[in-house]
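Reader: I am new to protein models and would like to explore one with you. Could you show it to me?

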Amino acid sequence: MSVPLLLCGLVGAAYAQTTANATSSVTSTSVDNAPTASTSQTLSAAETSSILWSLQSSAPADNLTFSSLSNFTYTSYTSQAPTPTTSVATLPTDYSEQAWSMLWDQVGPVATPPFNSTVIPTPEPSPVPPPYGFSSQVTTGNLSSYQLPSDFVWGVASAAYQVEGAAMEEGRGPSIWDLLSHRVHGYVADGTTGDITDLHYYLYPQDIARLKAFNIPYFSLTISWSRVFPFGRGYVNEQALAHYDDVIQRLVDAGIKPIVTLFHWDTPLALMNDYNGWTSDQIIADFLAYAQLVMTRYDKYVPIWVTVNEPQVYCGDEYPGFPSGYWPQYGVTGLRAQFYCGHNTLLAHAQIVDWYRNTLGGTGRVTFKNSANNFIPNTTSSADAAAVARGNDFQLGWFNSPVWQTGDYPASLRSTLGDLLPNFTAAESAMVLGSCDFFAIDGYTTDIIAPAASGIADCAANSSDPAWPTCIQQSQVTASGWDVGFAADPGASWLKSDPTGVRQFLNYLQKTYTGPKGKDIVLSEFGFAEPFENNFTALPDARYDQLRVDYFTGYLNNLLAAKVEDGVNVTGAVAWGVFDNFEWSSGLSTRFGLQYVNYTTLERYPKASLFTFMDFFKQHGL
Ligand code: GAL
């Protein structure tokens, strides 16, 4: 078979497709949309085959074994054409191919990827040369000699909808993000979607080979719920399982440990139609069934499980602001939707962990990932200190008071929110309390906090106050008029680099949550969107991401100081993201990757910051 090959310079992603196409070419590096100075040359069949290893002949000797649950119906969906339907209300829930097509019609036309089969990876150059004039001594001064323990968890992160692409391929059902990005005008600032994005769904063998070449020990990924259950429940899509089987197989073969997240914001669209997603307690059973299927199948190979990613964001930011008219919302909207979503998330998480520990007898560690910022007071006044405490109740206490402290929400939430905040039964409280094996914090930045203009007490008593219910003011400009740190890309306007903030924050989390329980903390995401990186027209300019280098240098050194000098039990650091990807409502033009992605050719190129990140761990003994 002749195989086309894209082989791109020393550090571009080199991969081969399994689909036949006569010519092979070598393309030089350039940024997409930039004036290109590309050259191409044709490789002979002999040259091509000599640098490839085929999927068949390289099949590992030790095939992994995956356990299946028998109480599900397994099927595959082959149709690729949306079937027009007249209204959401008529959508059938019979799990048929026609129903699947109708769901896609609700989303609208989806872009087809440039190829539709899994690539055969080509060898990755190793080692890859670092940037010119680059220092691998990330830490200087007193901290230089500190060593990290050999079991310190470090790696890079991704999430299904942001990197996979192949939106309608191999039976995947749509998620809410397919609908939002396609149908809701302006929901994604640059009008892009996750239809193709990095096409990691077909390129993962090459991506994994690259991680191996870099000796990166952990890869954090999400399984797409609506790939496994195109309707969120009902029939299981066998093609999705075959895909993730191979992802896990390849990671294990490469010696890379998977950190697997079950849900990263991509609620199956069918479940939005059926009961408005996380606002309904019906989601608990469906999410549990999905978790059971996936955890049973992969637990032997997955040392760390994450049930849900950042409920503070999908419940707190998304549900109250979801546009109406795109799916039935059954009257649960606004703040009620936010807190019902949070409640159902906590119950689903706790049930999964209970089942995992007590029925499956799982051997890994399980938690959920928090989104929260380091809150510091605007001034030294006691009013500002009180505002910080209240702000932390609303961002961290909302989920972590039930899990780490009392089995219930903080008193400040209870007294302010009234019946917007559901109640736990005694049995539910007991199950939620202690349901995290460690504290996972996605800690990117710092916010300056002050009380609401009307004061906390008046605001809390007045649900018409614009600052209700948190009753705080949040900014990133200090009282002296300076930003709390240098700014990221305008597409991530919430993000400033405050390295010392991460040290403070880790100390706060240990004091407040993990310390009393003798548990540890993992910085499960942190990263930076280099300002205007998308505007560069020359690839080498884009790859030399000095502000992201500074960000990682500062954050990693402060994490080290927190661990070694302050005694914070922090056991891991995972960088966002493995490469540029679909940055939710900012789309593809805000870049967070440690590798640059050319969205035309889909090539990936390491950025300078990737070397900073890797060299830090090398310098400290890993
Ligand atoms: C996190 C989120 C990721 C990614 C990142 C950068 O909150 O989990 O999906 O988008 O922020 O904004």
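Reader: At what angle do helix α2 and helix α4 pack, and how far apart are their axes?

Author: A word on the source: this is a predicted model, where local features need pLDDT of at least 70 and side-chain atom pairs count only at pLDDT 80 or more, while totals for chains, interfaces and linings use all residues. Residues are numbered from 1 along each chain as its sequence is written, and side-chain values use heavy atoms, with hydrogens and water left out. Helices (DSSP runs of H or I, at least four residues) and strands (runs of E, at least two) are numbered from the N terminus, and axes are lines fitted to C-alpha atoms, for helices over the stretch in contact, with angles from 0 to 180 degrees between N-to-C directions. For helix α2 (residues 97-107) and helix α4 (residues 176-183), the axes are 8 Å apart and the angle is about 35°.

Reader: Which residues make that contact, and how do they divide by class?

Author: Contact means heavy atoms within 4.5 Å. From α2 come W104, D105, Q106 and V107, and from α4 come D178, L179, H182 and R183. For the classes, Ala, Val, Leu, Ile, Met, Phe, Trp, Tyr, Cys and Pro count as nonpolar, Asp, Glu, Lys and Arg as charged, and the others, Gly among them, as polar. The contact of α2 with α4 therefore divides into 3 nonpolar, 2 polar and 3 charged residues.

Reader: What word describes how α12 lies to α16?

Author: Helix α12 (residues 382-405) and helix α16 (residues 499-514) have axes 11 Å apart, at an angle of about 40°. Angles under 35 degrees count as roughly parallel, over 145 as roughly antiparallel, 65 to 115 as roughly perpendicular and the rest as oblique. That makes α12, relative to α16, oblique.

Reader: How many nonpolar, polar and charged residues does the contact of α12 with α16 have?

Author: On the α12 side are N392, L396, G397, N400, S401, W404 and Q405, which meet F505, Y508, L509, T512, Y513 and T514 in α16. By class, the contact of α12 with α16 has 6 nonpolar, 7 polar and no charged residues.

Reader: Is helix α19 mostly covered or uncovered?

Author: Buried means under 20% relative accessible area, exposed over 50%, and partly exposed in between (1.4 Å probe, protein chains only). Elements that cover the buried residues of α19 include β6 (153-157), α17 (539-543), α18 (546-564), β19 (570-576), β20 (595-597) and β21 (604-606). With 11 of its 12 residues buried, α19 is mostly covered.

Reader: What span should helix α19 have, and how far apart are its end C-alpha atoms?

Author: The expected span of a helix is 1.5 Å times one less than its number of residues. For the 12 residues of α19 (residues 608-619), that should give 16 Å. The end C-alpha atoms agree, because they are 16 Å apart.

Reader: Why is the pair of W278 and Y314 called tilted?

Author: Rings of Phe, Tyr and Trp (its six-membered ring) pair if their centres lie within 6.5 Å; planes under 30 degrees apart count as stacked, over 60 as edge-to-face and the rest as tilted. F263 and W278 are both buried. The rings of W278 and Y314 have centres 5.7 Å apart and planes at 45°, so this pair is tilted.

Reader: Is T478 buried or partly exposed?

Author: T478 sits in the loop between β15 (472-475) and β16 (486-487). Leaving aside neighbours within four places in sequence, T478 is in contact with N378, I448 and V484. Because its relative accessibility is 22%, T478 counts as partly exposed.

Reader: What is the phi of A166?

Author: A166 is in the loop between α3 (160-163) and α4, and A166 counts as buried because its relative accessible area is 0%. Its phi is positive, in a residue other than glycine, and lies near 50°.
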